[in-house]
Amino acid sequence: PPEPAAESVPADMPRVREDEPTAQALGYRHAASDVDQARFPRFQAGQNCANCNLYQPGADASWGGCPIFLGRLVNAAGWCNSWVPKV
Ligand code: SF4
């Protein structure tokens with residue numbers, strides 16, 4: 001079988017916690033529908049980690065990597081204030 005890509009994201013990395021400081025500062029939520037739009041007016045319905053340019057799809061389809069949260073997994077359906085459209 002082919003070797004896994006070096007950049008592949010292991011499914012067993014810890015998940016970001018919504019209450020950790022960076023997540024709080026950026027309004028990260030595991031479900032984009034839970035984003036506090038009053039605090040984070042950049043959020044637009046339809047945006048999520050899976051369609052963010054920083055998202056790194058992982059071995060688990062529901063969770064992937066993100067350079068904002070190094071070493072942890074973010075949810076494909078999540079969102080944070082650093083969302084940028086896929087290029
Ligand atoms: Fe999700 Fe993008 Fe924020 Fe990373 S930068 S947590 S992929 S929305």
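**Cores, sheet and rings**

Guide: Gladly! The largest nonpolar core has 14 residues, and Val16, Tyr28, Phe69 and Val74 touch the most other members. A nonpolar core is a set of buried Ala, Val, Leu, Ile, Met, Phe, Trp, Tyr and Cys residues joined through side-chain atoms within 4.5 Å. Buried means under 20% relative accessible area, exposed over 50%, and partly exposed in between (1.4 Å probe, protein chains only).
This is a predicted model, where local features need pLDDT of at least 70, side-chain atom pairs count only at pLDDT 80 or more, and totals for chains, interfaces and linings use all residues. Residues are numbered from 1 along each chain as its sequence is written, and side-chain values use heavy atoms, with hydrogens and water left out.

Visitor: Which residues does Val74 touch, not counting residues up to four places away in sequence?

Guide: Contact here means heavy atoms within 4.5 Å. With residues up to four places away in sequence not counted, the list for Val74 is Val16, Tyr28, Cys49, Tyr55, Ser62, Trp63, Gly64, Gly65, Cys66 and Phe69.

Visitor: Which residues does the second, separate core include?

Guide: This second core is separate and has seven residues. Cys52 counts as buried because its relative accessibility is 7%. Among the members of the second core are Ala32, Phe40, Phe43 and Cys52.

Visitor: What is the order of the strands in the open sheet?

Guide: Helices (H or I, at least four residues) and strands (E, at least two) are DSSP runs, numbered from the N terminus. Two strands pair if DSSP finds at least two bridges between them, and E1 and strand E2 (residues 63-65) are joined by two bridges and run antiparallel. E1 and E3 are the edge strands, each pairing on one side only. The three strands of this open sheet pair antiparallel, in the order E1-E2-E3.

Visitor: What is the angle between the planes of Phe40 and Trp79?

Guide: Rings of Phe, Tyr and Trp (its six-membered ring) pair if their centres lie within 6.5 Å; planes under 30 degrees apart count as stacked, over 60 as edge-to-face and the rest as tilted. The structure holds three aromatic pairs. Phe40 and Trp79 form one that is edge-to-face, with 6.5 Å centre to centre and an angle between the planes of 65 degrees.

Visitor: How many residues apart are Phe40 and Trp79?

Guide: This pair links distant parts of the chain. Phe40 is in the loop between helix H1 (21-26) and strand E1 (56-57), while Trp79 is in the segment after strand E3 (74-75), and the two are apart by 39 residues.

Visitor: Why does Trp79 count as buried?

Guide: The cut-off for buried is under 20% relative accessible area. Trp79 counts as buried because its relative accessibility is 0%.

Visitor: What is the centre to centre distance of Phe43 and Trp79?

Guide: Phe43 is buried because its relative accessible area is 8%. Ring pairs link Phe40, Phe43 and Trp79 into a cluster. Phe43 and Trp79 form an edge-to-face pair with 80 degrees between the planes, and the centre to centre distance is 5.0 Å.

Visitor: Which side chain does Gln47 join through a polar contact?

Guide: A polar contact is a pair of N or O atoms within 3.5 Å; within protein, one must be able to donate a hydrogen and the other to accept it, and residues adjacent in sequence count only if both atoms are side-chain atoms. Gln47 lies in the loop between H1 and E1, and it is buried because its relative accessible area is 11%. At 2.9 Å, the polar contact joins the side chain of Gln47 to that of Trp79.

Visitor: Which backbone nitrogen does the side chain of Asn75 reach?

Guide: Asn75 lies in strand E3 and is buried because its relative accessible area is 14%. At 2.8 Å, its side chain reaches the backbone nitrogen of Ala77.

Visitor: What is the C-alpha to C-alpha distance of Ala77 and Ala31?

Guide: Ala77 is placed in the segment after E3, and it counts as partly exposed because its relative accessibility is 40%. Ala77 and Ala31 are 46 residues apart in sequence, and C-alpha to C-alpha they are apart in space by 5.4 Å.
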